[in-house]
Amino acid sequence: MGKLEIEKLHFAYDKATPVIKGIDLELDNRKTAIIGQNGSGKTTFVKLLKGLLRPDSGRILLDGADLATMTVAQIAKQIGLVFQNPDDQIFKSTVLDEVMVGPLNIGQTLDEARASSRAALAQVQLADVEQVNPYDLNLAQRKMVALASILAMDTPIVIFDEPTMGQDAAGKAIIKKVIEDLQAEGKAVLCILHDMDFAAAVFERIIVFSQGQLLLEGDAREVFKQKELLQQAYLDQPQAMKIAHALGIPGDLLTVEEVDSALARPSQ
Amino acid sequence: MDAMTLYVPRNSPIHRLDPLTKMLYIVVSIAAAYLLDGLWEVAAVMIISFGILLIGKVFRNILPVIALSFLLILSIVIVQGFFNPANETLLFELGPIKFYQEGLVIALRLTMRVINMVCAFGVLVLTTSPTELVERLQQKGMSPKIGYVILSVLQIIPQLRATYAKIQDAQRARGMETEGSLLVRVKAFFPLLGPVILNALNDTRERAIALDVRGFDRDTPKTYLNEAKSYRYSVLLNVLLLLILAGLIVWRVMG
Amino acid sequence: MSIIEVKDLKYRYPDTTKLALDGISFSVEQGEFIGLIGRNTAGKSTLCYALSGLVPHFFKGAYGGSVEIAGLNVRTTDVSEVTAAAGLVFENPFSQITGSRFTVYEEIAFGLENMGLPRDEMIKRIEEALDLLDIRKVKDKNPFDLSGGQMQRVAIAGVVAMKPKVLILDEPTSQLDPQGSEEVFKVVENLTKEGITIIMAEQKMEKIAQYADRVLLLDDAKLIAYDTPEAVFSRDDLASLGVQPPAVTAIARHLGKRKATGHYPVDLEELKMLLAEEGAAHG
């Protein structure tokens with residue numbers, strides 16, 4: 001369930017500027033992050049996965065079925081996408097009603113939608129504001145509402161577009177837990193990220209986009225240690241890795257915790 | 001994204017005229033077209049407007065606007081040509097529809113008045129940059145707050161169009177159908193319109209804060225980065241236009 | 001006299017029951033760079049509004065205590081005078097572009113026209129701002145046609161050209177990509193060199209550690225700490241306050257590596273030195 005195969009994907013908004021220039025990829029159940037400079041094609045790629053855009057050539061297979069044969073509404077039952085700006089979707093006057101929109105659209109009954117929405121709100125720790133108007137919350141909280149609205153749709157594949165932007169440490173911890181819980185439920189998670197530290201701490205597989213093509217992909221440790229290639233794509237390494245290299249610690253460490261373990265000595 | 005303006009930058013005498021003169025021209029030209037009755041006289045007023053647009057090198061740009069009002073013009077012709085109670089003299093028949101001379105004359109006159117009105121507005125809108133127009137009005141005492149509203153509407157509405165596309169994507173991604181039967185489209189209305197309005201309101205509130213920070217509410221007299229243009233013959237032309245208007249009114253009243 | 005003097009500031013938004021600011025007192029000297037940190041609902045934005053006069057003049061609500069900026073009492077002074085002394089830049093670049101100007105150059109002039117400055121002074125200040133904010137190459141473009149980072153720099157330029165004594169930035173990079181963020185931090189560094197007093201609320205602790213002279217830590221409407229970055233990031237209770245220290249400090253803490261001051265280092269070079277010393281001591 002939830003297997004995506006992308007074959008020879010090409011897409012251009014207008015004939016003069018191709019944006020996706022040939023992508024072949026298979027998404028499995030490893031938590032996967034897509035990183036890349038603005039303009040490298042990440043958001044366009046994700047819109048193609050959701051059927052919001054249709055490829056010029058190549059195809060996308062979802063559990064063997066070609067996405068071209070499915071409507072956007074049908075795809076929405078299988079693939080959920082949390083957009084970057086929550087204000088592009090919020091229109092209901094209470095948080096609960098807003099979260100229920102997606103589940104109701106894809107066919108859940110009123111009771112099912114209410115239950116899944118409440119569960120989703122609990123996951124993002126907004127259970128106590130379900131009757132509040134979303135615009136009475138701050139931007140970071142509205143982002144969580146948007147996140148909950150996709151979680152409630154219970155899709156086998158979930159895609160996030162910059163979920164950590166504008167979040168504080170607590171917010172990032174909630175998102176990390178949500179992603180880990182999704183994986184525990186057997187769901188496939190794909191995340192567009194600019195936050196290298198979050199990517200290194202949470203994701204097993206990293207895909208690097210550059211100018212509409214895959215520059216690099218693989219295991220997080222393997223990808224992040226390739227400093228020169230990342231620089232080519234105007235990307236940085238995680239903080240912990242840079243510190244570890246500066247301190248001469250071997251092992252291409254990804255997180256502060258790994259650096260701690262490597263440096264642990266009996267204290268004086 | 002371009003601002004929502006019809007302004008076409010060109011180097012022409014009309015572009016160099018005082019925006020206030022052009023505004024006065026709109027009043028005088030429309031009034032003239034209505035104060036005069038004869039078909040030839042109204043045609044002359046309309047041709048004068050064409051002439052000014054030609055001198056301003058923007059005649060080509062008014063044609064799409066006239067084309068837009070074509071539907072209005074067509075309905076005038078049909079209604080007047082067909083239904084006018086003063087209809088007597090039958091001119092010709094097109095199948096079951098009879099066209100009478102009286103009605104057609106009225107329709108033609110009305111059509112020319114509409115085209116003249118569009119062209120008169122065109123003289124102002126096509127040859128005056130919004131910034132220049134607003135600054136000139138402010139010089140004459142219009143509140144800068146109104147000037148701000150006029151200019152910001154021109155820019156922000158096109159931005160809303162971009163936002164609308166993103167909103168459509170977000171709602172479709174949640175399983176909402178936007179294509180199909182009328183019922184489907186009606187159901188899609190609020191999920192699409194809601195975020196547009198809420199976004200705009202939220203944006204307006206934040207912008208109001210930013211404007212306050214930039215001193216928008218200050219009592220101090222405002223100065224201008226752009227030098228105030230001196231318009232040649234401005235007074236002369238304004239007086240001339242006012243005289244024409246006064247003359248036409250007197251002529252009309254006298255019988 | 002301090003450039004900012006806050007005494008027992010209390011504030012509650014209209015139609016709410018909870019205090020958004022609860023008895024905050026601190027002072028800032030001219031030319032200082034203060035980093036403002038704390039979790040999302042701690043009160044950072046409200047404090048930024050209070051320092052620029054928008055609280056209470058724009059937001060109304062219940063106000064107690066006093067804020068003095070460059071000698072002006074915020075509550076009793078007309079808001080446009082306060083905002084001229086303390087300029088505010090916030091999260092969303094798009095909503096800070098006025099929308100009534102068609103080029104970046106004219107956009108920066110907006111605030112200057114409102115101040116009633118003579119034309120040659122306006123031009124001088126705009127030219128300075130274009131260089132300070134590194135936006136000269138886009139000066140004739142429409143502000144809405146710029147990238148997020150460029151738009152934010154135009155917003156900052158519009159405020160900086162008004163020559164406020166204090167510049168307040170409320171999470172100016174949180175909606176920007178890494179490149180845009182870097183651009184903004186670079187120009188903020190330029191501004192500190194000009195001697196402007198800066199208050200910046202941020203979530204990127206590495207940057208706070210790099211630029212700030214002192215760090216103001218808020219939680220639940222109260223001032224918890226106001227001290228050097230080292231001191232604040234060495235606190236034991238940061239996790240419960242919803243704050244994550246910079247990676248270097250976190251690593252130093254786990255290793256127990258304190259400086260002579262008793263605090264953990266915030267700078268990588270300092271950590272390297274401490275480890276080297278220890279290595280040397282062990283022979």
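**Exercise 1.** Which residues touch the most other members of the largest nonpolar core?

Solution. The model is predicted. Step one: take the largest nonpolar core, which has 186 residues. Step two: look for the members that touch the most others; these are Ala148(A), Ala199(A), Ile206(A), Ala240(A) and Leu51(C).

**Exercise 2.** List the residues in contact with Ala240(A), leaving aside neighbours within four places in sequence.

Solution. Start with the contacts in chain A: Ala200(A), Leu253(A), Leu254(A), Thr255(A), Val256(A), Glu258(A) and Val259(A).

**Exercise 3.** Describe helix α8 of chain B, its surroundings and what follows it.

Solution. Step one, length: α8(B) covers residues 182-213, and its 32 residues reach 46 Å from the first C-alpha to the last, close to the 46 Å expected at 1.5 Å a residue. Step two, shape: the helix bends by about 30° at Ala188(B), with Pro191(B) following within four residues. Step three, burial: the buried residues of α8(B) are Pro191(B), Pro195(B), Asn199(B), Arg207(B), Ala210(B), Leu211(B), Asp212(B) and Val213(B). Step four, partners: these buried residues pack against α7 (144-173) of chain B, and also against α1 (44-52), α2 (54-57), α3 (79-85), β6 (86-89) and α6 (148-160) of chain C. Step five, the end: after α8(B) comes Gly215(B), with a positive phi near 80°.

**Exercise 4.** Into which domains is chain B divided, and how far apart do their C-alpha centres lie?

Solution. Domain 1 of chain B is made of 19-128 + 233-254, and domain 2 is 142-213. The C-alpha centres of these two domains lie 36 Å apart.

**Exercise 5.** How many residues of chain C are in contact with chain B, and which helix of chain C gives the most?

Solution. Count first: 31 residues of chain C are in contact with 28 residues of chain B. Next, find the elements of chain C that each supply at least two residues to this side: α3, β6, α4 (104-114), α5 (119-132) and α6. Among them, α4(C) gives the most, with six residues. Last, sort the residues on the chain C side by type: 14 are nonpolar, 14 polar and three charged.

Definitions and conventions. Residues are numbered from 1 along each chain as its sequence is written. Chains are lettered from A and ligands numbered from 1 in the order in which they are written. This is a predicted model: local features need pLDDT of at least 70, side-chain atom pairs count only at pLDDT 80 or more; totals for chains, interfaces and linings use all residues. The expected span of a helix is 1.5 Å times one less than its number of residues. The bend at a residue is the angle between axes fitted to the seven residues ending there and the seven starting there. A residue is buried if 20 or more other C-beta atoms lie within 10 Å of its own, exposed if 12 or fewer, and partly exposed in between; C-beta atoms are placed from the backbone. Two residues are in contact if their C-beta atoms, placed from the backbone, lie within 7 Å. A nonpolar core is a set of buried Ala, Val, Leu, Ile, Met, Phe, Trp, Tyr and Cys residues joined through C-beta atoms within 7 Å. Domain bounds come from an automatic or database domain assignment. Ala, Val, Leu, Ile, Met, Phe, Trp, Tyr, Cys and Pro count as nonpolar, Asp, Glu, Lys and Arg as charged, and the others, Gly among them, as polar.
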